[in-house]
Amino acid sequence: MRLQFPEGFLLGVSSASAQIEGGELDSNWNDWYRQGKIKDGSNPAVADDHWNRWREDCELMAKLHLPIARLGLEWARIMPQRAQPDEAAIARYRTELQYLKELGIRPLVTLHHFSNPMWFERAGGFTRRENLGDFISFAQLCAERFGDLVSDWITINEPNVYATNGYFYGSWPPGHRSFSETFAVLENLAWCHIQCYTLLHETRRNMGFTDTMVSFANHLRVFDPENPKNPIHAAAARLSEYLFQGAITEAMTTGVFRWPLHNRWHLQTGEYCDFHGLNYYSRSTVRGLADGVRKNSPRNDLGWEIYPEGLVRCAETLEKRLVRPIWVTENGTCDNHDAFRARYIYEHLEAIIHSGLPFERYYHWCFCDNFEWIEGESARFGLVHVDYATQARTVKRSGMFYADLIENGGVTDAAYEAYVKEEAYRIE
């Protein structure tokens, strides 16, 4: 065996509702498309048409031996109008969750993954404290309606990415560029997470369940100075790391709010995660307060550096803050021709297994190619190829490799020779 997984280590896949379901929803991402803000002009109303093809997709997951899968609940679909839940949408989600469980696939459910209903967005979204009760009401509804089917929960996906892209750079909806709004959104998302952590546990406890696991999906990256001997580069790397992920990680895991975040609710400190949900993709090479990529490094098709050791470095920072099981809730790469994805998966899993850290799960991003936010349909991350014109699904070579890993509990010598050995990254 080339790489043996420890007993109980699980491999799965990850997805987001707005990226796979399709449909003409009154959501911020459908609105962003209508404004002409998607780079390739792709319409999220198309995506993977998973809302209609969910059974096919679930059965394909089962054929690939997947024991776990992460999926989202679309707020704009469940509550298209304020305080008016759509019972048909709730019933449809329950049917899918029940079917996954019948297939032996354990769901990890995300409440917020970058997508808002427009009635919430028009009211100011997460910038305004008076709006937060609307999200908590949605979370409570989901806990009550799906709590008997779901034990594992993600409250908020990548709060730092959502706030930075939507309110600092303005490249995502709502397209604002405001330092104060960026950190107000982060504060408010941290408060929402802590409230949701408590209500999910309480609601399921009242149902008689004691196996609830709740966290948030924390996007972490490594920030290294371009020149470690240059004090400006070194200071910029430390500040970038703190502003982008350090402060919000501390607030959401422990309730400790440090500058530039403020505990405006006087929340008690505590421990607000049952596992570390880690989304990891790349490393930033820093010379100032801007994102950079190391020269002569392996790159994916979006130009991101491929740096497997960074996943372990990020996990180490989480464990130093709070000892918890580690679930890699997203890890994957844009590889439009499936030329190096198997090597990418192998090298990241190799780093995980040899780290000595308490990794329990690995959710590959993603199962099927999907609507990749502002990149649209142009960036393919999936183990399964999607022809968006016909919606035909075809398992990629990397998908067959992934199924082999699950079936054999690791990377066999034969799988390495067949799928990994000849693959190589592009160096730039």
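So, one definition before we start: helices here are DSSP runs of H or I with at least four residues, numbered from the N terminus. And keep in mind that this is a predicted model.

With that in hand, take helix α9, which covers residues 179–206 and includes F179. F179 comes out at 46% relative accessibility, so it counts as partly exposed; the cut-offs are under 20% for buried and over 50% for exposed.

Now let's step back along the chain to helix α8, residues 159–168. Nine of its ten residues are buried, so the rest of the structure largely encloses this helix. Those buried ones are P159, N160, V161, Y162, A163, T164, N165, G166 and Y167. What do they pack against? Quite a list: strands β4, β5 and β6, plus helices α6, α9 and α10. And just after α8 you'll find G170 with a positive phi of about 75 degrees.

Okay, next up, an arginine. R283 sits in strand β7, residues 276–286. Is R283 buried or exposed? It's buried, because its relative accessibility is 10%. As for what the side chain does in there, it makes a polar contact with the D224 side chain at 2.9 Å, and another with the side chain of E305 at 2.8 Å. If you skip neighbours within four places in sequence, the residues in contact with R283 include R221, R294 and R313, along with V222, G292 and Y307.

Moving towards the end of the numbering, there's a hairpin made by β11 and β12, with four residues between the strands. The strands are antiparallel, residues 384–387 and 392–395, and four bridges join them. In the turn, Q391 has a positive phi of about 65 degrees.

Last stop is helix α13, residues 397–408, where we find L405. At 0% relative accessibility, L405 counts as buried. Who touches it there? Leaving out residues up to four places away in sequence, L405 touches F5, L11, I345, L349, G410 and V411. And here's one for anyone with the model open: the C-alpha atoms of L405 and L64 are 10.0 Å apart, with 341 residues separating them along the chain.

That's my tour, so over to you.

Technical notes:
Residues numbered from 1 in each chain as written. Predicted model: local features only at pLDDT ≥ 70, side-chain atom pairs only at ≥ 80, totals over all residues. Heavy atoms only, no water. Pairing = 2+ DSSP bridges. Helix = DSSP H or I, 4+ residues; strand = E, 2+ residues; numbered from the N terminus. Buried < 20%, exposed > 50% of the residue type's maximum accessible area, 1.4 Å probe, protein only. Polar contact = N/O pair within 3.5 Å; in protein donor to acceptor, adjacent residues only side chain to side chain. Contact = heavy atoms within 4.5 Å.
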